[in-house]
2 protein chains.
Amino acid sequence: MAQVSFIELCRKLVGNAHVISDPAKMVPYITDYRRRFTGKALAVISPGNTREVADIVKLCKLQKIPVVPQGGNTGLVLGSVPDTSGKAVVLSLRRLKRIREIDVANNTMTVEAGCILDDVRKAALDADRLFPLSLASSGSCTIGGNLAANAGGTAVLRYGTARELCLGLEVVTPDGDIWNGLYKLRKNNTGYDLRDLFVGSEGTLGVITAAVLKLFPRPKTQQTAFVALRTPDDALRFLTIAQKFAGFALTTFELMSRYSLELVTKHFPHLLPPLPLDKPYFVLLELCESEPEEQTAARFEKLLQYAIEEDIICDAALAQTLAQSRSMWSLRENISAAQAKEGRNVKHDIAVPTSLFAEFIETTDRLLQHYFPGCRMVTFGHLGDGSLHYNVGAPERVPDDEFLLRQNDINRIVYDSVSRMHGAISAEHGLGALKHGENAGYKSEVEIRMMQQIKKALDPGNLMNPGKVLP
Amino acid sequence: MAQVSFIELCRKLVGNAHVISDPAKMVPYITDYRRRFTGKALAVISPGNTREVADIVKLCKLQKIPVVPQGGNTGLVLGSVPDTSGKAVVLSLRRLKRIREIDVANNTMTVEAGCILDDVRKAALDADRLFPLSLASSGSCTIGGNLAANAGGTAVLRYGTARELCLGLEVVTPDGDIWNGLYKLRKNNTGYDLRDLFVGSEGTLGVITAAVLKLFPRPKTQQTAFVALRTPDDALRFLTIAQKFAGFALTTFELMSRYSLELVTKHFPHLLPPLPLDKPYFVLLELCESEPEEQTAARFEKLLQYAIEEDIICDAALAQTLAQSRSMWSLRENISAAQAKEGRNVKHDIAVPTSLFAEFIETTDRLLQHYFPGCRMVTFGHLGDGSLHYNVGAPERVPDDEFLLRQNDINRIVYDSVSRMHGAISAEHGLGALKHGENAGYKSEVEIRMMQQIKKALDPGNLMNPGKVLP
């Protein structure tokens, strides 16, 4: 039987222990992070190095077997799990977890795709450097997955997304060749930007096996504040002032609706907000500086005082200790967990120009209340970089299941709003198998066609993560 | 005659006045910036808007006429001039010079490709914002050309290259379609990164007609220093310390060999260095801050004092006035002009990992002195971002013409050195028609093949700037 011989060949290439074909043992690899979907796979294969990845991809090409690359499998859009056909293999990169090099003087590190993000951050800190990518799943996501999905997180305002933190890549192409694009350069104009094409392509153009990452000097001080304000428009005005006061020092600027925080204090009652939750919106902001702490603190106080005097913000708490800062962050970081405890809701991860943020929230809230009176908005996110988690919960007394039947109608309202502002229906989660259809509806034909032309040129057999990103 | 009817059609599409077919009048468009090369063209066509660009490209596709897009024609690698076949048209974007929008709250501006870089910078300043791209030809280069070539310059250390300063593009594709990719978003994970594919592709994949650019808060203070030191290795140590002291505030870190500066003072005797030119190397560095001037100055003085005490630098001058700062910058900015006055030399625009900079200079200098004893090194550039203008002048008493006959041998030595360090033979100038052959020799087959696959997929007729970038 063809499958048997294929699996036998895989075992020869990567070793018996690293090929799983027992359906029961495959479950964690074929089930998505939020446990909404379980696909099927021929096998889960875990090569031990780049050479073995290339061997497997080459074999799959020969036998026309689709390949689903997978890192920590923490994606939110079904990008790293196979469909239900059972024809594909899952190619796990988790065994490629060496930190190959830290070049302190060049401010770079070269890491393999399977390194856990927290381990990458820790290795950088050990070398007195900062790798700033920061997101909720950092304890289990891998850097390869972060790059494949162009992860965002809470420090994008200052440091950019995963794309902007990457200087070079090693990639196994759909042909099973190894591309050594591990350039450690900040300027390199020697041809098309293949790096940025692979970053964010969610495994549909090849398999990222290693990357050169940018490192930064560790900031000397870090100051956190928690601010209450009335409207998203005031939040935007506050952002503009904060950028003027603090420039590059402004690292984080996160908006949270009162209801998001009420969910946190309801489900995690030990988490205490530093201000009463009696205003409609709150902002968590952070300044990181290379200057001494007193100066940053003085500047921060001046900013907050000015914003209060100008009546842009209502109240502010400046963390005096690391513990206070952590407790402010806990409120922000537990919003997702709190809403999960509360029940299910319709989630969106959208981006609009920062200047249209307030208008987006106001008009979309109004439309949703019109069609779904009483729906509860878990609105929070990275106002500083123009992206938002804009989640819609059922009105009180309406069961979640019933509400979720209207998911498509809710999406339509939200995405139409996004589209009117030439925004993005996926800011940082990617498209995977979950959103590519809707996305195609909002993109121009020209853009979709160019994407298809590139996909076909690099992967004519459509074997790399088929059914993802493109419709 | 086919040509006549084609040109007549062009005249109908863009207006009589905007099609030049008189060979004498075409000269400035078909001659490169350094006046080393003059090609031939069927005509120079200057559309007035994106629609007209699309019409011309569509017509050229129908009639199989190659298109050479051109901005300010200030490129250094023959990327914006046609070859000598006389088959191509030059498509000048200079009439597309509207600043379409400045969105202050979103920190973006939307500009057309033909805007002069200085005009873009000025418009940003008028809106109390900074557009940081800064290079020698800023008075005549266009933003479309800057993006097509992924321009670099003196502020890359802090703000990145043109690629990193661009959020969205409008492009006329080789099919003559208009792609509206003018996203004003900092996070956008809705498909392949077409933007970064067009940026740096030197007009070979399509014509950039407009772009969304990132703006930044204007720094409050700007402080410049001029430092003398002994070796590139010390310069590197100094860079590491400066980054630790100043973090993101460090905007510029330019290395200059003594000989580079001696050429400046020889040919521009009114330019006076702030320190005696009695050390082998000098560094121009600048801190930009959002904090008050006294604080930046104090920090800067502390950094310089520490570096002197540690014997990393020999001497330093901190500009006390804007005039002093300008005069320091003049020395740096006139190196190219001074070497042109001195005669011709063999120029390189290379990048290596910053950590290997000193080793690169030392070993390559030694090899060049071995094969070309007495050759004079005009070594200067952006040490902070790892790129270098590494120009080789004839030894005294050897005529330039004779020396330039050995150009290929000199290139070989320099590029072999670059290649051993996995560097780039073009850091910021691109490849154009000048370097793509040599570049292909240093790239892996895998990388070249992927580039060719993409080119063929998007431009199967090979009509967009043929003979550039790819071999």
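Below is a friendly chat about a predicted model with chains A and B.

Reader: Hi! Let's start with the two chains. How many residues does each chain bring to the contact between chain A and chain B?

Author: Hi! Chain A brings 91 residues and chain B brings 91 residues. Between them the chains bury about 7,300 Å², with 56% of that on carbon and sulfur atoms.

Reader: Which residues of chain A lose the most area to chain B?

Author: Those are Lys187(A), Asn189(A) and Tyr192(A), which together make up 14% of what that side buries.

Reader: Nice. How many salt bridges and polar contacts cross the interface of chain A and chain B?

Author: The rule finds twelve salt bridges across that interface. It also finds 46 residue pairs in polar contact, counting pairs with both residues at pLDDT 80 or more. One of the salt bridges joins the side chains of Lys187(A) and Glu428(B), at 2.8 Å from N to O.

Reader: And which element gives the largest share of the side of chain A that touches chain B?

Author: That is α17(A), with ten residues. Among the other elements that each supply at least two residues are α8 (232-246) and α10 (293-309) of chain A.

Reader: Let me jump to Lys187 in chain B. Where does Lys187(B) lie, and is it buried or exposed?

Author: Lys187(B) lies in the loop between β9 (178-181) and α7 (194-198) of chain B. It is buried, with a relative accessible area of 0%.

Reader: What is Lys187(B) in contact with, leaving aside its neighbours within four places in sequence?

Author: Its contacts include Gly152(A), Val156(A), Thr161(A), Ala351(A), His382(A) and Ser387(A). On the polar side, the Lys187(B) side chain makes a polar contact with the side chain of Glu428(A) at 2.7 Å. A polar atom of that lysine side chain also lies 3.2 Å from the backbone oxygen of Gly153(A).

Reader: Since you brought up β18(A), why is it described as largely enclosed?

Author: Five of the six residues of β18(A), residues 376-381, are buried, so the rest of the structure largely encloses that strand.

Reader: Which strands does β18(A) pair with?

Author: It pairs in the antiparallel sense with β13 (residues 250-257) of chain A over two bridges, and Leu255(A) stands opposite Gly381(A) there. β18(A) also pairs in the antiparallel sense with β19 (residues 387-393) of chain A, over five bridges. In β19(A), Tyr390(A) is the bridge partner of Thr379(A).

Reader: What's in the hairpin of β18(A) and β19(A)?

Author: Five residues come between the strands, and Gly386(A) takes a positive phi near 80 degrees.

Reader: Zooming out, how is chain A divided into domains?

Author: The domain assignment gives domain 1 (2-92), domain 2 (99-217), domain 3 (221-336) and domain 4 (343-429).

Reader: How far apart are the C-alpha centres of domains 2 and 4 of chain A, and what do those domains bury between them?

Author: The centres lie 31 Å apart. The contact takes eight residues from domain 2 and four residues from domain 4. About 430 Å² is buried between domain 2 and domain 4, and carbon and sulfur atoms give 50% of it. On the domain 2 side, Ala149(A), Gly153(A) and Leu157(A) lose the most area, together 58% of what that side buries. The count of salt bridges between these two domains is zero.

Conventions
Residues numbered from 1 in each chain as written. Chains lettered and ligands numbered in written order. Predicted model: local features only at pLDDT ≥ 70, side-chain atom pairs only at ≥ 80, totals over all residues. Heavy atoms only, no water. Buried < 20%, exposed > 50% of the residue type's maximum accessible area, 1.4 Å probe, protein only. Helix = DSSP H or I, 4+ residues; strand = E, 2+ residues; numbered from the N terminus. Pairing = 2+ DSSP bridges. Domains from an automatic or database assignment. Contact = heavy atoms within 4.5 Å. Buried area = accessible area lost by both parts, 1.4 Å probe. Salt bridge = Lys/Arg side-chain N within 4 Å of Asp/Glu carboxyl O. Polar contact = N/O pair within 3.5 Å; in protein donor to acceptor, adjacent residues only side chain to side chain.
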